[in-house]
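This briefing goes through one structure by topic. Please look at the sequence and the model before reading on.

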Amino acid sequence: HREKPPFITFVLGGPGSGKGTQCLKIVETFGFSHLSAGDLLRKEISSNSENGAMILETIKEGNIVPSELTVKLIQREVESSENDKFLIDGFPRTEENRRTYERVVSVGAEPNIVLFFDCPEEEMVKRVLSRNQGRVDDNIDTVKKRLENFNALNLPVINYYSEKGKLYKIPAVGTEDEIFSRVRKIFTSLEV
Ligand code: UP5
Ligand code: MG
């Protein structure tokens, strides 16, 4: 029932780079809907859905959940929303994720822009390990695996969007407000 395709922003960056934190600020200031792929998957675990056990094991290992599943969760949220601008946080994590999304989703298959929160590894590890919100993957062993997967699988996606001219790389060290002032400039200049 949408008249024109929604404005889609993919929000990428390593574990603990501040994606979720900055997305909340973008929601408040610019009226986006925030869809965290990780949150949607954790919701599947806690609602005891048929795939919950498999998702839990995958997240515990710091590995990537099958694309079809994640895409379906994201698509359901976009289609049931009245909003016309979305932040898709933590997705796509692999080239295969990206291609599956493009194949399955008809409306808004290509993101309008992609944000990349660029943060040094030691800072990301420090943030994740001091978070203390009971996430099963916030331990040193899983964080190492998440970083490994980020470097091997997600950086190629980031490079893909860079070559397409859609990437906004944001230095992600500093206070939350300092980082948000960088983010704000991007959305203000795009007038979204
Ligand atoms: N913090 C934030 N900003 C700060 C700042 N400027 N200075 C100091 N501290 C700051 O921030 C992390 C912590 O740092 C928080 O305590 C925050 O207060 C503090 P946050 O904003 O939560 O960072 P974020 O980048 O969102 O970190 P997160 O851990 O959520 O990133 P991940 O990408 O690792 O986690 P996600 O939830 O996206 O995915 C989890 C797992 O789900 C994946 O490992 C994978 O197994 C699975 N998954 C898939 O399989 N497929 C998907 O498509 C998505 C996820
Ligand atoms: Mg997050």
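**Recorded binding site**

An unreviewed UniProt entry lists G16, S17, G18, K19, G20, T21, R131 and G174 under "binding site". UniProt positions are given in the numbering used here, feature names are shortened, and annotations may be inferred rather than shown by experiment. This is a predicted model, in which local features need pLDDT of at least 70 and side-chain atom pairs count only at pLDDT 80 or more, while totals for chains, interfaces and linings use all residues. Residues are numbered from 1 along each chain as its sequence is written, and chains are lettered from A and ligands numbered from 1 in the order in which they are written.

**Two of the listed residues**

- R131 is found in the loop between α6 (121-129) and α7 (140-163); helices (H or I, at least four residues) and strands (E, at least two) are DSSP runs, numbered from the N terminus.
- R131 is exposed because it has 11 other C-beta atoms within 10 Å (buried means 20 or more, exposed 12 or fewer, and partly exposed in between, with C-beta atoms placed from the backbone).
- The C-alpha atoms of R131 and G16 are 9.0 Å apart, although 115 residues separate the two along the chain.
- G174 lies in the loop between β5 and α8 (176-190).
- G174 has 12 C-beta neighbours inside 10 Å, so this residue also counts as exposed.

**Around ligand 1**

- Of the 30 residues around ligand 1, P15, G20, T21, G38 and G90 come nearest (a residue is near if its C-beta atom, placed from the backbone, lies within 6 Å).
- At least two residues of this shell come from each of α1, α2 (37-46), α3 (52-61), α6 and α8.
- The shell divides into 9 nonpolar, 14 polar and 7 charged residues; Ala, Val, Leu, Ile, Met, Phe, Trp, Tyr, Cys and Pro count as nonpolar, Asp, Glu, Lys and Arg as charged, and the others, Gly among them, as polar.

**The sheet**

- Five strands form an open sheet with parallel pairing, in the order β2-β3-β1-β4-β5 (two strands pair if DSSP finds at least two bridges between them).
- β2 (33-36) and β5 (167-171) are at the edges with a single partner strand each, so one side of each has no neighbour in the sheet.
- β1 (residues 7-13) and β3 (residues 85-89) run parallel and are joined by 5 bridges.
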